[in-house]
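I open the notebook with a plain list of things to look up. Entries follow in the order in which I checked them.

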Amino acid sequence: MTPSDDVDGIVEAWGRERPDLDLGPLHVLSRVSRLARHLDLARGEAFAQHGLDGWEFDVLAALRRAGAPYELSPGALVHQTLVTSGTMTNRVDRLTARGFVRRSPDPHDRRGVIVALTDEGRAVVDAAFADLLGRERALLAELSAADRAELAGTLRRLLLSFEG
């Protein structure tokens, strides 16, 4: 017998109240939504351990993933973090004040700037990322390696329908 979770109860109740509707999406997306809440909590805890907010980690992580010398244009940061240019300007200002990033003139565009990760920024994002991976690993502990691979593939196909 398959164990029941809270979503099973929700689907059962809706099925009783609205038998005329196809409740199939609830079986998947309600679970994705609930898992996203658990992930958000784990992310928040991991980042807080290192004195970061989620948005700070997102910007620092984008710079870190860029590879040495860990710098990007503000436009590239906007693209990677899905915020407006005004929001990114504010975020870079705040991260600069904390000593995590620095701005320098863009050598290829006299009007532009480059945002670079400082040594302090690199240290904090590396530590927060390692902590996050540990917490995410714990969230997935109930799944075998094969189950995780299958789930990742299925979620990738679904996500590509939105990103493609």
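UniProt positions are given in the numbering used here, feature names are shortened, and annotations may be inferred rather than shown by experiment. I read in UniProt that an unreviewed entry places the feature "domain: HTH marR-type" at residues 25–160.

I note that this is a predicted model, in which local features need pLDDT of at least 70, side-chain atom pairs count only at pLDDT 80 or more, and totals for chains, interfaces and linings use all residues. Residues are numbered from 1 along each chain as its sequence is written, and side-chain values use heavy atoms, with hydrogens and water left out.

I looked up the span 25–160: it is 69% helix and 12% strand, and its end C-alpha atoms lie 18 Å apart. Helices (H or I, at least four residues) and strands (E, at least two) are DSSP runs, numbered from the N terminus.

Next, the sheet. I found 3 strands in an open sheet, ordered β1-β3-β2, with antiparallel pairing; two strands pair if DSSP finds at least two bridges between them. The edge strands are β1 (71–72) and β2 (101–106). Between β2 and β3 there are 6 bridges, and Pro105 has Val113 in β3 as its bridge partner.
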